[in-house]
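Hi,

Here is the structure I promised to send over.

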Amino acid sequence: MKIDLNDDEILFLESNTGIVGVIKVAKENKMQFIATQDDEIVQFLEKDDIIAVSSLKGNKRSIKSLAYLTREEDSPLVILNKNHPSTKHLTTVVSVGDVVNLNCNITPGTHPEQTVLCTTDELNGLEIKKTKNGVELNKDIKYSIEKF
């Protein structure tokens, strides 16, 4: 399923238990800094790559806020260890790159590889791939597009 997406729009992939928002990196190629406990990783992004934000509580406002901080303010992504006590408090998480795989069997905020993103069980297995004009999904799903 292909969906066109402009730089000033946000795509919401919706289920009964959670929402994922997707925007384009937009404007220009850039670097994304990823902070782990022991290291800082630099990920190089192309302008048509995607920023995917998962809200485990279905909160569009938190999705828009985290997407804005990631794209417009170049906020680094912070990765926690799997045993970190704060992982149980994360309800909104982000992943950036050319493809993002949604997975309900991982701990939120613990994956430095940006190809996987924690989600709810209804969105599990959904793959989001960048295209020149938007994204491609590996299955049909309810969605909406809003101005970002």
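Before the details: this is a predicted model, where local features need pLDDT of at least 70, side-chain atom pairs count only at pLDDT 80 or more, and totals for chains, interfaces and linings use all residues. Residues are numbered from 1 along each chain as its sequence is written, and side-chain values use heavy atoms, with hydrogens and water left out.

Cysteines to begin with. There are zero disulfides (a disulfide being a pair of cysteine sulfur atoms within 2.5 Å). For C118, the closest cysteine sulfur is that of C104, 7.9 Å away, so too far for a bond. C118 is buried, at 6% relative accessibility, while C104 is partly exposed at 27% (buried is under 20% relative accessible area, exposed over 50%, partly exposed in between, with a 1.4 Å probe and protein chains only).

Now the packing. The largest nonpolar core has 21 residues (a core is a set of buried Ala, Val, Leu, Ile, Met, Phe, Trp, Tyr and Cys residues joined through side-chain atoms within 4.5 Å). Among the residues with the most contacts inside it are L13, V20, L102 and V135. Strand 10 gives the most to this core, three residues (helices, H or I, of at least four residues and strands, E, of at least two are DSSP runs numbered from the N terminus). A second, separate core of 15 residues includes L45, A67, V94 and V96.

Finally, T70 sits in helix 1 (residues 60–71) and is buried at 1% relative accessibility. Setting aside neighbours within four places in sequence, its contacts (heavy atoms within 4.5 Å) include I51, L77, V94 and V96.

Cheers
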